[in-house]
Amino acid sequence: ENVNLPAALLSRFDLVFIMLDRPSVGAAAAEGGEVSEEQGTDFRLAKHICEVHAKGKAPKQALGAVPPDVLRAYVTMARRVEPHVTLETRQKIVERYVQMRAEDREAMKQGEGQKMTARQLLSLLRLAQAHARVHFREVVTMDDVEEAIRVSEACHLELLVEKRRAELGAAAGRARGHSGLMSQAWRALVKYLQHQREETCTLVQAVDTLLRVPGVSRPLAQETLKMYAHLDQLAVDSATGKVSL
């Protein structure tokens, strides 16, 4: 949803990491002095932007950055290396891919899996070779394979975590919406009963009253009656079909 790319195109990327802008201001953010980890990235980012705006240049970092010319030279040299994948490393990648497919099949039964395809197998090969390349190795080692697997699993785990967080957020939003509707429905029912003889009506009349509230469905109306009856705010007699305060 963030990038609006179809799944077929998104699957062509070896790694996909979700970056979300979440508030992270700590309790000490309003205080002066040095920035601590507890103050959060919001505070550090705001301080950095203000300093750049005031001085017209970026502040010195505690850890010096790699000079651009050195980085370009490093990348140029690394790209000339063509690591060879040995039989042992190929076997390890094949075994891990088969295991990931099995794990994914089980996870998909719970609605939590990411469909694993042959693209992920090629992705593991490319990542292992890339790791060997940045170390200027001519042969892909088991360490390269393990690192490729670790990074790939971290990527998939983050996607699953964000998916679950979104689902929980949507569920919480629906719960909050239902809570507000149930309160409105309850007030409408109380108002209706207060105008009835002995503050009593039939169960059908109570449900109809709740259904007149915009957004209230029949299941929500029934849930509202059950909840307020459980709270002893409402008496529901299923035998006689009467509802009273």
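Modeller: Start with the rings. This predicted model holds one aromatic pair.

Biologist: Which residues form the aromatic pair, and what is the geometry?

Modeller: Y74 and F136. The pair is edge-to-face, with 5.2 Å centre to centre and 80° between the planes. Rings of Phe, Tyr and Trp (its six-membered ring) pair if their centres lie within 6.5 Å; planes under 30 degrees apart are stacked, over 60 edge-to-face, and the rest tilted.

Biologist: Where do Y74 and F136 sit in the chain?

Modeller: Y74 is in helix α3, residues 68-79. F136 is in the loop between α5 (118-134) and β2 (139-140). They are 62 residues apart, so the pair links distant parts of the chain. Helices (H or I, at least four residues) and strands (E, at least two) are DSSP runs, numbered from the N terminus.

Biologist: How exposed are Y74 and F136?

Modeller: Y74 is partly exposed, at 36% relative accessible area. F136 is partly exposed too, at 35%. Buried means under 20%, exposed over 50%, and partly exposed is in between (1.4 Å probe, protein chains only).

Biologist: What are the ground rules for these values?

Modeller: Residues are numbered from 1 along each chain as its sequence is written, and side-chain values use heavy atoms, leaving out hydrogens and water. As the model is predicted, local features need pLDDT of at least 70 and side-chain atom pairs count only at pLDDT 80 or more, while totals for chains, interfaces and linings use all residues.

Biologist: New topic: charges. How many salt bridges does the structure hold?

Modeller: Six. A salt bridge is a side-chain nitrogen of Lys or Arg within 4 Å of a carboxyl oxygen of Asp or Glu.

Biologist: Why can such side chains pair?

Modeller: Side chains of opposite charge can pair when their charged atoms come close.

Biologist: Show me one. Where do D14 and R126 sit?

Modeller: The side chains of D14 and R126 meet in a salt bridge, at 2.6 Å from N to O. D14 is in the loop between α1 (7-10) and α2 (40-55), and R126 is in helix α5. The two are 112 residues apart along the chain, with their C-alpha atoms separated by 8.2 Å. D14 is partly exposed at 27%, and R126 is partly exposed at 38%.

Biologist: What does R126 touch?

Modeller: D14 and R119, not counting residues up to four places away in sequence. Contact means heavy atoms within 4.5 Å.

Biologist: Which residue does E82 meet in a salt bridge?

Modeller: R133, at 3.7 Å from N to O. E82 is in the loop between α3 and β1 (84-85), R133 is in helix α5, and they are 51 residues apart. E82 is exposed, at 54%.

Biologist: And K92, what does that residue pair with?

Modeller: K92 forms a salt bridge with E146, and their closest N and O atoms are 3.4 Å apart. K92 lies in helix α4 (residues 87-109) and E146 in helix α6 (residues 142-194), so the pair ties together parts that are 54 residues apart in sequence. K92 is partly exposed at 26%, and E146 is partly exposed at 38%.

Biologist: On to strands. What order do they take in the open sheet?

Modeller: The order is β3-β5-β4, three strands with antiparallel pairing. Two strands pair if DSSP finds at least two bridges between them.

Biologist: Which strands stand at the edges?

Modeller: β3 (200-202) and β4 (235-237). Each has a single partner strand, so one side of each is left without a neighbour in the sheet. Neighbouring strands are turned by 20° against each other on average, direction ignored.

Biologist: How many bridges join β4 and β5?

Modeller: Three, in the antiparallel sense, and β5 covers residues 242-244. V236 has V243 in β5 as its bridge partner.

Biologist: Which helix packs on the sheet?

Modeller: Helix α7, residues 203-211, touching β3, β4 and β5. The direction of α7 makes about 90° with that of β3. Axes are lines fitted to C-alpha atoms, for helices over the stretch in contact, and angles run from 0 to 180 degrees between N-to-C directions.

Biologist: Last one. How many residues has the largest nonpolar core?

Modeller: 19. Residues with the most contacts inside it include W186, L210 and L234. A nonpolar core is a set of buried Ala, Val, Leu, Ile, Met, Phe, Trp, Tyr and Cys residues joined through side-chain atoms within 4.5 Å. α6 gives the most to this core, with seven residues.
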